[in-house]
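Dear colleague,

I am passing the structure below on to you, together with some notes on what was found in it. Please read them with the coordinates open beside you.

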Amino acid sequence: HINIKAVVHPPAHSLNFRWTHHQKLVIIDQDRAFVGGLDLAFGRYDSASHILSDQCHLATTWPGKDYYNLKFATPNALDPFYDAKGFDRLKLPRLPWHDIHAYVDRDAARDLALNFIQRWNHHNSVRDILVPKDTPHSNEPGSCECQIVRSLDGWSGSNRKETSIHEAYVKLIRGAEHFIYIENQFFIIGNTNAKN
């Protein structure tokens, strides 16, 4: 579709490898957004009940590749609406997922939109430049407060470095009195020369 573009970094002509920003965002008109850790892809849908199999083969809950298990069959991304070859949903369970997505609006949604716009503009051509919305949004107070944090560097979308994820973790760890629980797919230690 003309309105759908995939931007990889680095550009296709420069190197033989690719990486992503590993962000999962849905932003609507820069005023509402969903943000979380679960990939928005076939095979990743789940519900609060975490059902492992269809209740009836005549009424499937997960179409095609939404019902798969990497231990038994690898899905063909080019044909997502059909079951993986050799995968019998009457005998094998699907792979359950457990992750969090959150809905935000107002300032938090604008922050997420700005994050996307900065990265898009950094990796895109001049003709496809996006601009942040400057119209005011509703001043109604939200039901809770949140903070948007990220990591950013010259290669990933800006001419400045931002380490607000790291800063938020350090602040919370230093302020803990009794218990710390951190769940993060990529929570790793820095290089061996780090002083802190």
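Which residue in β2 does isoleucine 27 stand opposite? Before the reply, please bear in mind that this is a predicted model. The residue that stands opposite isoleucine 27 in β2 is alanine 33. The two strands concerned, β1 with residues 24–28 and β2 with residues 32–36, pair in the antiparallel sense over five bridges. Three residues lie between them in the hairpin, where aspartate 29 takes a positive phi near 55°.

Alanine 33 also belongs to the largest nonpolar core, whose five residues are Ala33, Val104, Ala108, Ala109 and Leu112. Helix α1, which covers residues 106–123, gives the most to this core, namely three residues. If residues up to four places away in sequence are not counted, leucine 112 touches Leu25, Ile27, Ala33 and Val35, and also Val104 and Ile148. As general background, nonpolar side chains in soluble globular proteins tend to be buried together.

Cysteine 144 is in no disulfide, since its nearest cysteine sulfur, that of cysteine 146, is 6.3 Å away. Likewise, cysteine 146 is in no disulfide, and the nearest cysteine sulfur to it is that of cysteine 144, at 6.3 Å. Cysteine 144 counts as exposed because its relative accessibility is 64%, whereas cysteine 146, at 49% relative accessibility, counts as partly exposed.

With kind regards

Note on methods
Residues are numbered from 1 along each chain as its sequence is written. This is a predicted model: local features need pLDDT of at least 70, side-chain atom pairs count only at pLDDT 80 or more; totals for chains, interfaces and linings use all residues. Side-chain values use heavy atoms; hydrogens and water are left out. A disulfide is a pair of cysteine sulfur atoms within 2.5 Å. Buried means under 20% relative accessible area, exposed over 50%, partly exposed in between (1.4 Å probe, protein chains only). Two strands pair if DSSP finds at least two bridges between them. Helices (H or I, at least four residues) and strands (E, at least two) are DSSP runs, numbered from the N terminus. A nonpolar core is a set of buried Ala, Val, Leu, Ile, Met, Phe, Trp, Tyr and Cys residues joined through side-chain atoms within 4.5 Å. Contact means heavy atoms within 4.5 Å.
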